[in-house]
Amino acid sequence: MKRIAAILLVTFGVATFFVARAALSITGAGATFPYPMYSKWFEEYHKKDSSIEINYQSIGSGGGIRQVTEGTVDFGATDGPMNDEQLKAFQDKHGFPVLHFPTVLGADVPTYNIPGVSAELNFTPEALAGIFLGRITKWNDPAIAGANKGVNLPGNDIIVVHRSDGSGTTYIWTDYLSKVSEEWKNKVGKGTSVNWPVGLGGKGNEGVSGLVKQTPNAFGYVELIYAVQSKMLYGSVKNSSGAFIKADLGSVTAAAAGAVKTMPDDFRVSITDAPGKTAYPISSFTWLLIPSKFSDAGKRDALKGFVKWMLADGQNYTEALSYAKLPKEVVAKEEKALNNIQ
Amino acid sequence: MSTASTTLPSAGPVAGSRSFFSRLREGDEIARMITFVFAASVVILTVLLVFELWNGSSLARHKFGLAFFVTRVWDPVFEQFGALPFIYGTVVTSVVALVLAVPLGIGAAIFLAELAPARVSDTLQFFIDLLAAVPSVIYGLLGLFIVVPLMREYVQPALKNTLGFLPLFQGPAYGLGFLTAGIVLAIMVIPYIISVSREVLLSVPRDQREAALALGSTRWESTWKVVVPFARTGIMGSIFLALARALGETMAVSMVIGNAPTISASLFSPGDSIASIIANQFSEATGELYTQSLIELGLVLFLLTFILNGLARILILATTQRGSDMGNA
């Protein structure tokens, strides 16, 4: 007992020593999707300026929005932009708005497991919406086969797999389906969780990919990074210019560049089905949520300094972790928007 | 003046210490108070928990009312929420788990307590305790990567071919679903049933067995007709524990149940449970009504546990009553 108490005391002492040494500690919470990127950035930034320590808890986008609104964290992070109602809730509570800052880009890819088919399939928006609405039930349906001439697709039933947990990945997927299918928009809509017309649910990217891998004739969607890192087979998707594009870092950044022209000043923009010949259509930004006013000037300057660094040097770390970097146009726009934080 | 002022305050501590000693002497009283506070804290915690769940779901309760219990839709986008598919899934998986685990667990406990040599019994008990301590996510992984493919490839086709005329075993074999979740739950609760039942059986007085043997019964007869009925209440207690664990299990269930809020007579169908959907959706839930509906589901789970425990208690009361009546006759 005594020994345990002693160990605890020493650990506690050492911990307080280290905490006390960091002059400034900033806390944030939110999206899980960019967590590996953020923790790398915060670590690198701490190396650069050891007086600043940024703690980030990946509790999910919904939690990030809630906590930044409550004021329990200095900044939030989300995979889907806050809606008008949520922005108003923040404004009403604090008296000043919260700002969105895109950090990196992600994408969803369609993945499948058809016995005897090892080709990379092409999917039209109609096929994707049809499969997830339960209208297209066989692999050899003309909507799928028409885009994949030369591939011998079986007449088996498609087993749809989606995420069971609320997630930004689902938000991007359903946002895309809502744009390309009127029926999806009216019947199901977009969100971190939706009322799926068909299919089984797997928890997390690993749950979905696990189910797809072990269930013959399964079809699901996972994050691009996860698909790349676990070397999964995934298909191309037809974009708004009519070209079949396979998701990679270049085609995702191209989607963001294509959306720059129509990007509003608050950066709340969906880039699914973006224009551009080489744009991958199921892409999205992920955002930091930063209050526009800080009572603590030290924290404000530290956080602004970090975002500035993240937009410049920080972007060089993205591709090693399979995140697509921001297009130059967006970076320039964000640097200007930083001045709105007071 | 000065002497009075120095003696007066000193009277205080003396009087205080005297009453302190006198209170110490009545140690029984102190122990009673302290343990009472500890016991009361359980009640306070329960009340607080219900209060928080009740309070946190006020918006959802007012909006949906009792319809929450019978609505089949769970639609976060259009904010329509109903608990029925989740109640159904929770009850069905728990029932399947108990149907499988109770005979197996009690059988094993009888062997360990009555028939096995002490050394075998103790060694096996060690493994059972180990199983009871395995985190549920491990059981979930085991379920997802071993039970699910086995179910899809062998068990479900076999059941369909033999018992396929029953509505329970119809429909496509995904591998995931109510039956698989029930089986994984059964694997998880068996150690509890064995462990507790074995202890209870071992604590049956020796005289009982010896009396039965002296009256000419065989070893099995003394076990089945005397020892097991004697330990009945304790064995039922082990089943409660198993039921409670099955109702509230989250991780393992959510990995193998298929996470589709459906109500289907077929055990092959994917479903969803209350604990599973709360764990799945709470962290990303945005919007008051959505979060509050999830909290209300927590309240429903609490209520469900309460009702099922009550039903089980009534059942036990009825059976033990009958048992003693038979004993009298």
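**Entry 1: the A/B contact.** I started with the two chains: 28 residues of chain A and 24 residues of chain B make up the contact, where two residues count if their C-beta atoms, placed from the backbone, lie within 7 Å. On the chain A side, α3 (61-70), β7 (200-202) and α9 (204-214) each give two or more residues, and α3(A) gives the most, with 4. Helices here are DSSP runs of H or I with at least four residues and strands are E runs of at least two, numbered from the N terminus. I sorted that side by class and got 7 nonpolar, 18 polar and 3 charged residues; Asp, Glu, Lys and Arg count as charged, Ala, Val, Leu, Ile, Met, Phe, Trp, Tyr, Cys and Pro as nonpolar, and the others, Gly among them, as polar.

**Entry 2: ground rules.** This is a predicted model, with local features needing pLDDT of at least 70, side-chain atom pairs counting only at pLDDT 80 or more, and totals for chains, interfaces and linings using all residues. Residues are numbered from 1 along each chain as its sequence is written, while chains are lettered from A and ligands numbered from 1 in the order in which they are written.

**Entry 3: the chain A sheet.** I traced 8 strands in an open, mixed sheet, ordered β2-β1-β3-β11-β4-β8-β6-β7; strands pair if DSSP finds at least two bridges between them. β2 (52-57) and β7 of chain A are the edge strands. Zooming in, I found β6 (159-163) and β8 (218-223) of chain A running parallel, joined by 3 bridges, with Ile159(A) opposite Ala218(A).
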